[in-house]
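Here is a short tour for someone opening this model for the first time. Take a look at the sequence and the fold, then read on.

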Amino acid sequence: FSNGGHLFAAVNGNTIQIYSTHTCDNIGNLRGHNQKVRSVAWTPDDAKLISCGQDGAVYVWSLRDFKRLDESVLKSCQYTSCDATAEARAIFAVGSDRKLREIVGDTPKE
């Protein structure tokens, strides 16, 4: 659920579906991952969603137009969880290699 509670995300394989909590209408779909999405995280203002998946991709999505704003791909890692600072200036992800990475822009740092 979003921080404000007005939206929720449901993952169906490699697609993230965004729904209105009040009406249960699907208001948008986020597509781009090549394998299963393992985690999503909302920014504090609910304007962006962070996703990571088994394909080694971490994406930042705009929830205004449902487009991808930024990406970082590390094929050697299957990400399992992600989170972000306010406004998604820094993203943190952990995966199959058991390393916590800080992603600034498109560059992961251990």
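How many disulfides does the count come to? With a disulfide taken as a pair of cysteine sulfur atoms within 2.5 Å, the count is 0. Before going further, a word on the ground rules: this is a predicted model, where local features need pLDDT of at least 70, side-chain atom pairs count only at pLDDT 80 or more, and totals for chains, interfaces and linings use all residues. Residues are numbered from 1 along each chain as its sequence is written, and side-chain values use heavy atoms, with hydrogens and water left out.

**The cysteines**

Cys-77 is in no disulfide, and the nearest cysteine sulfur, that of Cys-52, is 8.8 Å away. For Cys-82, the closest cysteine sulfur also belongs to Cys-52, at 3.5 Å, which is too far for a bond. Buried means under 20% relative accessible area, exposed over 50%, and partly exposed in between (1.4 Å probe, protein chains only).

| Residue | Relative accessible area | State |
|---|---|---|
| Cys-77 | 0% | buried |
| Cys-82 | 7% | buried |
| Asp-46 | 10% | buried |

**The three-stranded sheet**

Strands here are DSSP runs (E, at least two residues), numbered from the N terminus, and two of them pair if DSSP finds at least two bridges between them. An open sheet is built from 3 strands in the order β1-β2-β3, with antiparallel pairing. β1 (7–12) and β3 (26–31) sit at the edges with a single partner strand each, so one side of each has no neighbour in the sheet. From one strand to the next, the twist averages 25°. Strand β2 (residues 15–20) joins β3 over 5 bridges, and Tyr-19 stands opposite Asn-26 in β3.

**The β4–β5 hairpin and Asp-46**

β4 and β5 run antiparallel too, joined by 5 bridges. Ser-39 has Cys-52 in β5 as its bridge partner. In this hairpin, 5 residues lie between the strands, and Asp-46 takes a positive phi near 65°. Asp-46 lies in the loop between β4 (37–42) and β5 (48–53).

What does Asp-46 touch, leaving aside its neighbours within four places in sequence? Counting contact as heavy atoms within 4.5 Å, Asp-46 meets Ser-2, Asn-3, Gly-4, His-6 and Leu-63. Its side chain reaches the backbone nitrogen of Asn-3 at 2.9 Å. Gly-4 is 42 residues from Asp-46 along the chain, yet their C-alpha atoms are separated by 7.2 Å.

Key. Helices (H or I, at least four residues) and strands (E, at least two) are DSSP runs, numbered from the N terminus. Axes are lines fitted to C-alpha atoms, for helices over the stretch in contact, and angles run from 0 to 180 degrees between N-to-C directions. A polar contact is a pair of N or O atoms within 3.5 Å; within protein, one must be able to donate a hydrogen and the other to accept it, and residues adjacent in sequence count only if both atoms are side-chain atoms.
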